Every structure is written in C-alpha cells, then in structure tokens.
Amino acid sequence: MTARPGAYVHVPYCAHRCAYCSFVAVTGRETERDYFDAVVAEIEGRAGEVAGPLETVYFGGGTPSFADPESLLRVLHTLRRTWGLVPRAEVTAEANPDDLVPERLDALAGLGVNRLSVGVQSLRDSELVPLERRHDAASARDAVRRALDRDLRVSADLMIGIPGQTSESLLEGLSELLSAGVGHVSVYLLEIEKAPRLVALRESAPALFAGDDEMAERWERVDDACHAAGLPRYETSNWARPGEESRHNLKYWRREPVVAVGVSAASFDGLVRRTNGGSIPAYMAAIREKGTAFVSEERLPADAALREEVLLGLRTVDGVEARTFEAALGTLPAAERERLADAVAAGLLETAAGRVRLTRAGVLLSNEVFALLL
C-alpha cells in the first residue's frame, strides 16, 4: 500500500532569535500577511505534486505559535481543499512556552492542531539564560500542563550539553515532564558551531561544557529513564509512549512523500527532492512570478537511493530488512563494505528477526556508521 503523504509548512517568524538557532527565521511579523499569501498560492500551484489525502501536517519554524492562528488556519483550509486530510490526521505545531497562554492554546486547538512540539530545552532558569530562550522554567511547566489539560498530545524538546548543565539537572527536568504526562520526548545534543556567542563562551569558560564522554553518558541515562517510564526510543533522538510517535517525522525516516511549502522548505515526492530558496523576499517574489520557489532539484540514482533508505532506516529502532541492507552493501566499494563489517564486529550493528539495526552503542556512534553509506 502506498504511504499517504504529509505536509510541512515553514513559519519563519519569531519574537526572538535564540543563540543556537540555525534555521531560516526572522524576528517580528512585518511580512506575515504577504508571506502566507505566498504559502497559500504555492500550495494551490503544486496541487498535482502528490496524491492526497494528507496523513500529517507539520508547522515548523521559526515559531509557529508566535504567528497569528488565523494565518495557520488559512493554510490548513488550503491544504484540506487541495489534497484533503485523512480522518484523525496528525496536525503538529512547534511552540514556544511563552506563547501558550490559554487564549492561544484555545485558538490552536480550535483550528485543528492536535499535537504540540514544545521547546522546553531545560527546566532550569540558569540553563535557559545562555541559550537566550525567552521563557523561564515556570512558564514551560505551565504551558505543558495547560496543553495536556486540553487533551493535546505534547512532545517536549530537551537539550544535552547546555552550558552549566549537569546530568542531575537534565534527568530532573526529564522526570518532571514525564510525571506531568508528556507522551513524547525529543532530546538533542546542543550544536554550538554556528552560534558565535556560545563558541566564545566555551573558549572563555570551558568548564561549563560537557565533553563527548559525558554527553554520551547523559544520552544513555535519558534512554534508561524514558524506557523505565514507558516511553521506548523509536528513533535516535526521540522517545514516545506507544501510539504517540510522531507520524510526520517517521515519514522522513521511511522516505515517504512530504510536500513542503514556505521559505527553505524541502519536499520529497518519493523520487525527487525539491528545495525552496532561503530568502523570504526571494521566496515571495518567486511564488508571484512562477508559482514555485524551487532552487534545487535532486533525483538520486538507484544505488544512492538504496543506501539512503538504509541510512535513514537505521535511525529508527526497527532498522531495515537484512536483504535491503545486504543490497545496499553491494553498491559500496570493498573498503566501505569491510568497514561496515568491522562495525558489526564491534557491536555497533546487529541482526535480529531478519532486520539490521543499530545497537545502543551504535546509536552513539551512528554518524561514523552513516558516513560509510553516503
């Protein structure tokens, strides 16, 4: 059976740009009306690109919860009119805790959002300061509680490696979120290479930053705590109560179609990837002039597509079929095949029930494994 497509909508507006952010985002909402006019026009102009109905819709950013809910509603109406939505479609919006006051939560739920990805990052005020987050720990707690009280599914984002963070502060925040009833947790390593202020802080105060071994240990403790709470890991950075996995994000790991609209959005129709430009003015001008804003298009050769299927599949706890893995190996030079055999011998990959998957040790060294498949 052919997988139902999903839709991704990039919302580039934020009240404040965080220190570590590398996404296409701007502060303020001066161009919001014109931008969403362009998003609606782009959807209408790409009606034949995938066959509906859509199974998921994901508003990413930026900060979708900062935008006018009516703008998101316009997009949802257009998506529904263009491709349709399956019954009980998963509709996710990324959200900053400060935005999730009762009135905004009611508006988001009223327009059809049934899942929130909340950027908690930490439940320690001292750890939010170097990230330049605009919320504090108390507002994050309140936002999560209010969303859960409205029967919205909540995914909470946390970070490993925040300056001044300890294993205990990370685990205490995670425990608090799990006890509150959060059914999905995403935990990411803080990447500071594109954050000049954090790079400068690391140079002036290296003791605030955890080393690689400590980061790995924290990830393992997160994994243990989530499993103990009934949220098994289903992807390298994501844990969920059974039934609360992100259906949208799984589409990326399974190479399923996702039509993506908005500035910098990257689409995949099952064969071809198309990426929109990363400038908001240029994006809007391109939509006005030709109805699309693609600046690149890529169709992988069959052997590269097979290796990508394996690479992405290995990100999930289910892994990939052994025969698919072996077929991908057959497309590699002998040296890479030998290095993958070494990875198996080192306990980074295992085969069980006809599937190949990363071991827990393999997850921690997954970039080294993935590099062999590129």
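Reply: We take the helix, then the sheet, then the pocket. This is a predicted model, where local features need pLDDT of at least 70, side-chain atom pairs count only at pLDDT 80 or more, and totals for chains, interfaces and linings use all residues. Residues are numbered from 1 along each chain as its sequence is written, and side-chain values use heavy atoms, with hydrogens and water left out.

Me: What span does helix α2 reach from its first C-alpha to its last?

Reply: Helices are DSSP runs of H or I, at least four residues; strands are runs of E, at least two; both are numbered from the N terminus. The expected span is 1.5 Å times one less than the number of residues. α2 (residues 69–82) has 14 residues and reaches 20 Å, close to the 20 Å expected. Just after α2, Gly84 has a positive phi of about 80°.

Me: Which residues of α2 are buried?

Reply: Buried means under 20% relative accessible area (1.4 Å probe, protein chains only). Among them are Leu72, Leu73, Val75 and Leu76. The buried residues of α2 pack against β1 (6–11), α1 (32–45), β4 (54–61), β5 (85–95) and α3 (102–111).

Me: In which order do the three strands of the open sheet lie?

Reply: Two strands pair if DSSP finds at least two bridges between them. The order is β15-β17-β16, with antiparallel pairing. β15 (320–321) and β16 (349–352) are the edge strands. Four bridges join β16 to β17 (residues 355–358). Glu350 stands opposite Arg357 in β17.

Me: Which element gives the largest share of the lining of the second largest pocket?

Reply: α11 does, with three residues.

Technical notes
Buried < 20%, exposed > 50% of the residue type's maximum accessible area, 1.4 Å probe, protein only. Contact = heavy atoms within 4.5 Å.
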